[in-house]
Amino acid sequence: MKIPRGTQDILPGDSEKWQLIETKARELCERYQYREIRTPIFEHTDLFQRGVGDTTDIVQKEMYTFTDRGGRSLTLRPEGTAAAVRSFVEHKMFGNPNQPVKLYYIGPMFRYERPQAGRFRQFVQFGVEAMGSADPAIDAEVISLALRLYQELGLKKLKLVINSLGDKISRTAHREALVTHFSPRIGEFCTDCQNRLEKNPMRILDCKADRDHELMRSAPSIIDYLTDDSRNYFNKVTTFLTDMEIEFEVDANLVRGLDYYNHTAFEIMSNAEGFGAITTLCGGGRYNGLVEEIGGPETPGIGFALSVERLIAALEAEGAELPVKEEIDCYLVSLGDEAKDYTVGLLHQLRMAGFSAERDYLDRKIKAQFKAADRVNAKYVAVLGENELKEKKINLKSMADGVQIEVPLESFIEKFKEICR
Ligand code: HAM
């Protein structure tokens, strides 16, 4: 039996890297004051159709949708924003005294995409969502949090790309310009784009199939249709980024693949040589209007999500090592049946005292036991032979400097606490 396409097992040796990344993300959220939300892996299909948008690739082609035994249409979540917003509305978080509501999540998402380097069908997203504030300072905060995570994990070759998709008025004007631009030659575009022209012409700009069509390059840019308010908003965001000494590039063609965005949209890419064809590490933006769409009161929102898979790929491309420590405090080596049995209790006591400890379970010879201790990077090896047992003492060796001491068995745990802490 083989693992399903587009999924992967994270094995010991690698899982520690994932844990470290998750710990760093949680710690950063604490600093920035985002609190964890855990929502279900599946939701009503309708949530994503309304939230992510009917005309997006995600909804049209990529969802894992099934009917449950009660006849409901459910979907494995392809992203986290719609669910966070659903929960925000369902639990009336708009009424919380603490506003804005700042949430984060880490968990698996599912998209039926063509697997390739950096693209999986199950992947883990870390994301944050801030709801309840239309202050451009929050946009800058969200962007800086994402960048900070990468930087503190050791990435250097990063590029922040940012754009404004404007407000409703800006987008309506841009939409009309796009229809005028593409309509005369829409027959030269894929059937998806032909449908998009009516429903959501901005999506055409994001089409992978027609990316190289000459009309794409000359397409009207949203930047030219921004209202004064939208332009001012965007200027504030970029000013705050500059104040924080965050470098960015404005890309008027950045539209993002989900329908809920307006005003700020951004992506963080990897510039590392040897990084695969997909260079986007993180994407996010503002989604004022989404909370209403999901049935809540008018509430502004902004967030981002990034996948741990692409983060790890970027670390590998840059040759950045995560400081994963794999060592244990003590390995118990024993000689003779009686001593071997005695180590069962001793091991238990070490663990009860909070130490990571291990012993042999394969009846190995003493040399092989020492090798096993080496393999798990034991800081100390405690040796209990027949003689030691008779004399009620144990031999403790520090693997860092080779120094050995004899310790009375009855005070072993106390002594170990002294020297190992
Ligand atoms: P997204 O751009 O669809 O946005 O995905 C965000 C990130 O998830 C991507 O930049 C990438 O790191 C990762 N990702 C997406 N698809 C895959 C895949 N198939 N394999 C591996 N990684 C993948 C969202 O999901 C929005 N919910 C982000 C957001 C939050 N906007 C506002 N708040």
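Modeller: Start with β10. This strand gives the shell around the ligand its largest share, six residues. Keep in mind that the model is predicted.

Now widen the view. The ligand is surrounded by 28 residues. Glu79, Glu113, Phe120, Tyr261 and Leu281 are the closest. Three strands each supply at least two residues of the shell: β6 (122–131), β10 (280–286) and β11 (301–307). By class, the shell holds twelve nonpolar residues, nine polar ones and seven charged ones.

Next, look at single atoms. Glu79 places a polar side-chain atom 2.6 Å from a nitrogen atom of the ligand. Arg111 has a side-chain N or O atom 2.9 Å from an oxygen atom of the ligand. Gly303 takes part through its backbone: one of its backbone N or O atoms lies 3.5 Å from a ligand nitrogen atom. How much of the ligand does the protein bury? On its own, the ligand exposes 660 Å², and the protein buries 96% of that.

From the ligand, move on to a pair of helices. Helix α1 covers residues 15–32, and helix α11 covers residues 308–318. They pack at an angle of about 110°, and their axes are 11 Å apart. Angles of 65 to 115 degrees count as roughly perpendicular, so α1 is roughly perpendicular to α11. On the α1 side, the contact is made by Lys17, Trp18 and Ile21. On the α11 side, Val308, Glu309, Leu311, Ile312, Leu315 and Glu316 make it. Sorted by class, this contact between α1 and α11 has six nonpolar residues and three charged ones, with no polar residues.

Two backbone details remain, both in loops. Gln33 sits in the loop between α1 and β1 (35–36). Its phi is near 65°. That is a positive value in a residue other than glycine.

The other detail is a peptide bond. Gln99 and Pro100 are joined by a cis peptide bond, with omega about -5°. Where is Pro100? Look in the loop between α4 (81–90) and β5 (101–110).

To find your way back, return to the ligand. Glu79 is one of the closest residues, and β10 supplies six residues of the shell.

Terms used
Residues are numbered from 1 along each chain as its sequence is written. This is a predicted model: local features need pLDDT of at least 70, side-chain atom pairs count only at pLDDT 80 or more; totals for chains, interfaces and linings use all residues. Side-chain values use heavy atoms; hydrogens and water are left out. A residue is near a molecule or strand if one of its heavy atoms lies within 4 Å of it. A polar contact is a pair of N or O atoms within 3.5 Å; within protein, one must be able to donate a hydrogen and the other to accept it, and residues adjacent in sequence count only if both atoms are side-chain atoms. Accessible areas come from the Shrake-Rupley method with a 1.4 Å probe; for residues, only the protein chains shown count as cover. Helices (H or I, at least four residues) and strands (E, at least two) are DSSP runs, numbered from the N terminus. Ala, Val, Leu, Ile, Met, Phe, Trp, Tyr, Cys and Pro count as nonpolar, Asp, Glu, Lys and Arg as charged, and the others, Gly among them, as polar. Axes are lines fitted to C-alpha atoms, for helices over the stretch in contact, and angles run from 0 to 180 degrees between N-to-C directions. Angles under 35 degrees count as roughly parallel, over 145 as roughly antiparallel, 65 to 115 as roughly perpendicular and the rest as oblique. Contact means heavy atoms within 4.5 Å.
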